[in-house]
Amino acid sequence: MTTPPPLADRLGLPSGARAIILNADDFGMCHAANTAIGSLLERGRIDSATVMVPCAWAPEALAFAAGRRDLDVGVHLVLTSEWRRYRWRPLTGPGTTLVDGDGFFPNEVAAVEQGASEADVAAELAAQVQAALDAGVDVTHLDNHMGSVYGLQSGRDFLRPVFELAARLGLPFRLPRYREGAEADQELQAKLAEATAAADALGVEIIDRLWTHPFELAGEGTVQEETYERVRDGFLDVLRAVPPGVTEIYLHPMTDGAELRAAVDFGAAKRGYELRLLDDPLVEQTIDDEGLVRVGWRDLRDLQRGAAR
């Protein structure tokens with residue numbers, strides 16, 4: 001199958017357009033995520049978010065999304081549970097290959113790749129999306145928590161059931177068509193080419209590029225801890241570097257406070273900084289100065305469903 005025409009062209013964007021989707025991951029993980037992300041969505045500071053359906057605070061996020069079906073909200077497909085004090089379990093129950101010895105999703109991606117059966121993964125991911133649909137959410141897209149379906153640790157991926165689910169429901173999926181700087185890593189580049197070809201064959205829309213900035217706060221807990229201004233300036237550099245095409249930039253904005261710090265092992269300050277920078281006038285000014293075009297996952301979903309008719 002030949003590669004489809006450029007996504008930006010098919011979306012009707014001007015020639016050479018540099019388009020971005022600002023997406024907030026981890027909606028529903030905790031109340032601190034919900035307060036931050038819900039507000040950012042309502043005020044148009046981000047273009048979309050994705051819900052972690054198995055988490056304890058997902059009902060609040062799903063109710064918000066069901067009540068605001070004009071906003072772009074997708075499902076953040078979950079197969080891992082990374083924190084020590086706050087854990088979550090599969091919707092399909094404990095009697096599968098998706099749990100650790102305590103009955104939770106594993107902490108690490110490698111454990112999923114090595115121990116999960118494809119049938120159990122397919123059933124769980126379908127259950128998570130169905131739960132969002134049953135809650136009344138107009139699901140716009142799918143992506144994946146911690147990259148657990150991509151096969152980046154061992155080479156064993158779960159992209160086939162993801163693509164089949166996305167194709168069946170007419171939903172785009174977060175997969176980058178291109179990866180800058182990957183020329184030296186021939187194995188990874190070949191795997192990406194194989195994955196994008198599989199998505200194209202099933203008519204699943206994917207993005208051109210997937211970017212973020214470091215998840216952790218540099219020097220956290222030391223006298224060299226990264227300041228908000230350094231985090232912001234690094235994010236502005238990301239925005240300035242966006243090339244032509246459609247690039248998703250994903251963040252994890254949350255309200256930094258006692259609840260978040262009780263749940264996570266690290267990075268609470270960084271989550272608070274990301275919330276702050278998405279409201280920073282310098283970010284909005286940079287987007288305008290760079291001529292970046294804001295698009296949403298709903299645009300890709302409409303394109304995918306239109307092509308399937």
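A search of the whole structure, a predicted model, identified one cavity of 30 Å³ or more, a cavity being a set of points on a 1 Å grid over the protein atoms alone where a 1.4 Å probe fits but cannot get out. Local features required pLDDT of at least 70, and side-chain atom pairs counted only at pLDDT 80 or more, whereas totals for chains, interfaces and linings use all residues. Residues are numbered from 1 along each chain, and side-chain values use heavy atoms, without hydrogens and water.

The volume of the largest cavity is about 30 Å³, taken as the space filled by probe spheres set on the points. Its lining (residues with an atom within 4 Å of a point) includes Asp26, Trp83, Phe215, Phe266 and Arg271.

Seven aromatic pairs were found in the whole structure (ring centres within 6.5 Å; planes under 30 degrees apart stacked, over 60 edge-to-face, the rest tilted). The ring centres of Trp83 and Phe266 lie 5.3 Å apart with planes at 70°, so this pair is edge-to-face. Trp83 belongs to the loop between strand 3 and helix 4 (109-115), and Phe266 to that between helix 9 (258-263) and helix 10 (268-278), so the pair ties together parts 183 residues apart in sequence. Trp83 is buried at 4% relative accessible area, while Phe266 is partly exposed at 31% (buried, under 20%; exposed, over 50%; partly exposed, in between; 1.4 Å probe, protein chains only). Ring pairs link Trp83, Phe215 and Phe266 into a cluster.

In helix 3 (residues 58-67), Ala58, Ala61, Leu62, Phe64 and Ala65 are buried. Their arc around the axis is only 160°, which places them on the same side of helix 3. Pro59, Ala63 and Gly67 are exposed on the face turned away from the buried side.

Note on methods
1 Å grid on protein atoms, 1.4 Å probe; cavity = no way out; pocket = protein on both sides within 12 Å on 5 of 7 lines; lining within 4 Å. Helix = DSSP H or I, 4+ residues; strand = E, 2+ residues; numbered from the N terminus. Arc of directions from axis to C-beta. Phe/Tyr/Trp six-rings, centres within 6.5 Å; stacked < 30°, edge-to-face > 60°.
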